[in-house]
Amino acid sequence: MEQNKLMLEKVKKRLRRHKRIRAKVFGTSSRPRLCVFRSLKHIYAQIINDEKGETLVSASDLEFKKLNRKLKKEIMTKDKKLLTGKVAIAYQVGKLIAEKALKKKIEKVVFDRAGYKYHGRVKALADGARDGGLKF
């Protein structure tokens, strides 16, 4: 019971931070918003045009099965950092969303970390997107 209360408090704090961030971060047609959602098992990313309210591109670690690609649990980044586990998977999702965005001629985005701290999986996804060719 006590643990559930603590979890709910954490979620409320994150949502409060997300609301504060969203007041400043807005995606346009020329520079859409790259939004990250992190669950305990998976990580998701979307590129959103807030003017029209539509999702232009989305990617997640679940898509690798559909695309018949292997998720690597260990990966070396461009700047020679070794990533393992979920962080390595987040990096690959970042590269995947960058690849999809470049196909739709989206090069510049605004990064929305959705209230999460900028480290770990969120940072790895952002680094993967940058290494994939997105600018933010």
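User: How many helices and strands are in the protein?

Analyst: This predicted model has 4 helices and 6 strands.

User: In what order do the elements run from the N terminus?

Analyst: The order is α-β-β-β-α-β-β-α-β-α. The radius of gyration is 15 Å, close to the 14 Å that the globule rule gives for 136 residues, so the protein is as compact as a globular protein of that length.

User: What does the C-alpha trace span along its principal axes?

Analyst: About 45 × 35 × 30 Å.

User: What share of the contacts is between residues 24 or more positions apart?

Analyst: Counting contacts with a separation of 6 or more, 58%.

User: Now the inside. What percentage of the residues count as buried?

Analyst: Of the 136 residues, 38%.

User: Which residues touch the most other members of the largest nonpolar core?

Analyst: Leu34, Ile47, Ile97, Phe111, Leu125 and Leu134 do. That core has 31 residues. Two or more residues come from each of strand 1 (33–38), strand 2 (43–49), strand 3 (54–60), helix 3 (85–103) and helix 4 (121–132).

User: Which element gives the most to this core?

Analyst: Helix 3, with 8 residues. As general background, nonpolar side chains in soluble globular proteins tend to be buried together.

User: Back to Phe111. What is Phe111 in contact with, leaving aside neighbours within four places in sequence?

Analyst: Val25, Leu34, Val36, Tyr118, Val122, Leu125, Ala126 and Phe136. Of these contacts, Leu34 and Leu125 are also named among the core residues that touch the most other members.

User: Is Lys105 buried or exposed?

Analyst: Exposed, because its relative accessibility is 73% and the cut-off is over 50%.

User: And Ala114, where is it?

Analyst: Ala114 is in the loop between strand 6 and helix 4. Its phi is also positive, near 60°.

User: Does Ala114 count as buried or exposed?

Analyst: Buried, because Ala114 has 3% relative accessibility and buried means under 20%.

Terms used. Residues are numbered from 1 along each chain as its sequence is written. This is a predicted model: local features need pLDDT of at least 70, side-chain atom pairs count only at pLDDT 80 or more; totals for chains, interfaces and linings use all residues. Side-chain values use heavy atoms; hydrogens and water are left out. The radius of gyration is taken over C-alpha atoms; the globule rule is 2.2 Å times the number of residues to the power 0.38. Buried means under 20% relative accessible area, exposed over 50%, partly exposed in between (1.4 Å probe, protein chains only). Contact means heavy atoms within 4.5 Å. A nonpolar core is a set of buried Ala, Val, Leu, Ile, Met, Phe, Trp, Tyr and Cys residues joined through side-chain atoms within 4.5 Å.
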